[in-house]
Structures are given as C-alpha cells and as structure tokens.
Amino acid sequence: FVPSSTPSLMPSKAPSPLIHVLPPGNETSYFYDADAKHCYELSLYSTMSYAIQDADGGAESECNAASFSSDYSCGSSSSISFGVNLFTNGSDCGQYGKRSSTVHILLSSDVTAPAIISVKEPYVCRYEFLVKVPPGFSVR
C-alpha cells in the first residue's frame with residue numbers, strides 16, 4: 001500500500017489477493033474490505049469520479065451493484081489523472097469533518113485491465129484507494 005506522503009514507493013506485488021478488475025467500458029467497480037467488512041464502490045470517469053462506502057457489513061459475495069447500499073460518500077472529484085487524486089466533500093463525519101479519499105492511480109504492466117488493489121482507512125473518515133491501470137488506459 002502506498003502512503004499519501006510517498007506515492008512513488010510501490011510494493012513489488014499486490015498487498016492482498018483480493019484484486020477486483022474493472023469491467024471494460026465500465027469504470028465503476030466494487031472492493032470488499034474483509035477486515036472492516038465494508039464494501040466500496042469506486043467510479044472513475046473524466047468528468048465526475050466518486051467513492052462510496054457500504055458500511056453495513058455482509059459478505060464479499062454481496063459486494064456488487066445489485067446488493068450495494070450507499071451509506072457514506074467518501075468524496076468525489078471533477079477530474080482524474082494518473083498519480084494522486086483527491087476526492088473531497090464526502091458525507092459528514094461529525095467532529096472529523098467531511099469524508100475524503102486519496103485515490104492513487106498507477107500505470108502498471110502487471111495488469112491487463114484496471115484493478116482495485118486495496119482500500120484502507122488510515123484515519124477516521126479518510127480513505128486511500130490503490131488502483132493499477134495497464135499501459136494505454138485512459139478515462140472516458
């Protein structure tokens with residue numbers, strides 16, 4: 001996992017066996033955090049990208065479009081690019097302010113399609129997504 005302060009440091013392989021590939025032509029995907037029992041929806045589009053958390057628990061098999069419940073916005077962005085992207089203005093989180101996310105989009109020859117590698121919550125209501133995309137990938 002790549003900390004916000006050092007986006008250039010990358011592990012040699014994925015930190016988790018849970019790699020979720022974004023379907024071709026659809027930049028919206030789901031990632032299940034087995035430790036926290038949360039499902040995340042991440043949508044990458046050139047005009048509006050967003051991240052949402054389904055905090056109701058459940059099983060990994062329920063982490064999909066049909067079962068997803070939008071409990072909390074983890075932020076959004078009006079543009080995305082390779083590297084570090086800040087998603088801001090998410091749902092209110094009481095004394096912690098609005099939820100926000102840092103989305104790391106990295107070019108990688110070890111994937112053939114965009115893949116969500118990990119989602120972490122290093123601080124309360126602050127999320128970090130790691131997404132690898134293959135050479136030639138562009139957002140629509």
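# Briefing: cross-links, cores and strands

Valine 103 touches Leu42, Gly83, Val84, Asn85, Phe87, Phe129 and Val131, leaving aside residues up to four places away in sequence; contact here means heavy atoms within 4.5 Å. This is a predicted model, in which local features need pLDDT of at least 70 and side-chain atom pairs count only at pLDDT 80 or more, while totals for chains, interfaces and linings use all residues. Residues are numbered from 1 along each chain as its sequence is written, and side-chain values use heavy atoms, with hydrogens and water left out.

**Nonpolar cores**

- A nonpolar core is a set of buried Ala, Val, Leu, Ile, Met, Phe, Trp, Tyr and Cys residues joined through side-chain atoms within 4.5 Å. Buried means under 20% relative accessible area, exposed means over 50%, and partly exposed lies in between (1.4 Å probe, protein chains only).
- The largest nonpolar core has 17 residues, of which Leu42, Leu44, Phe87, Val103, Phe129 and Val131 touch the most other members. The elements giving two or more residues to this core are β3, β7, β8 and β9, and β9 supplies the largest share, 4 residues.
- Strands (E, at least two residues) and helices (H or I, at least four) are DSSP runs, numbered from the N terminus.
- A second, separate core has 6 residues, including Tyr32, Cys39, Ile52 and Cys63.

**Disulfides and the remaining cysteine**

- A disulfide is a pair of cysteine sulfur atoms within 2.5 Å, and by this rule the count is 2.
- Cysteine 39 is joined to cysteine 63, with an S to S distance of 2.0 Å. The pair links distant parts of the chain, 24 residues apart: cysteine 39 lies in strand β3 (residues 38-43), and cysteine 63 in the loop between β4 (49-54) and β5 (72-77).
- The link of cysteine 39 and cysteine 63 is right-handed, with 80° about the S-S bond. Cysteine 39 is buried at 4% relative accessibility, and cysteine 63 is buried at 13%.
- Cysteine 93 and cysteine 125 form a disulfide with their sulfur atoms 1.7 Å apart. The two cysteines are 32 residues apart and link distant parts of the chain, cysteine 93 being in the loop between β6 (83-87) and β7 and cysteine 125 in the loop between β8 and β9.
- Because the torsion about the S-S bond of cysteine 93 and cysteine 125 is about 40°, this disulfide is right-handed. Cysteine 93 has a relative accessible area of 13% and is buried; cysteine 125 is buried as well, at 3%.
- With the bonded cysteines of the chain numbered in sequence order, the pairing is 1-2, 3-4. Cysteine 74 is in no disulfide, and the nearest cysteine sulfur, that of cysteine 125, is 8.5 Å away. Cysteine 74 is buried, with a relative accessible area of 0%.

- Of the 6 residues of β3, 6 are buried. His38, Tyr40 and Leu42 lie on one side and Cys39, Glu41 and Ser43 on the other, and both faces are covered. In a regular strand the side chains alternate between the two faces of the sheet.
- Two strands pair if DSSP finds at least two bridges between them. Strand β2 (residues 28-33) pairs with β3 in the antiparallel sense over 6 bridges, and β3 pairs with β4 in the antiparallel sense over 5 bridges.
- Tyrosine 40 of β3 is the bridge partner of phenylalanine 31, and tyrosine 40 also stands opposite glutamine 53 in β4.

**Salt bridge**

- A salt bridge is a side-chain nitrogen of Lys or Arg within 4 Å of a carboxyl oxygen of Asp or Glu. The structure holds 1 salt bridge.
- Aspartate 110 forms a salt bridge with lysine 132, the closest N and O atoms being 3.1 Å apart. The partners are 22 residues apart and link distant parts of the chain, with aspartate 110 in the loop between β7 (100-107) and β8 (115-123) and lysine 132 in strand β9 (residues 126-133).
- Lysine 132 is buried, at a relative accessible area of 6%.

**Positive phi values**

- Most residues other than glycine have a negative phi.
- Lysine 37 takes a positive phi near 60° in the hairpin of β2 and β3, which has 4 residues between the strands.
- Asparagine 89, not a glycine, has a positive phi of about 60°. Asparagine 89 is in the loop between β6 and β7 and is exposed, with a relative accessible area of 57%.
- Cysteine 125 has a positive phi near 65° and is a residue other than glycine.
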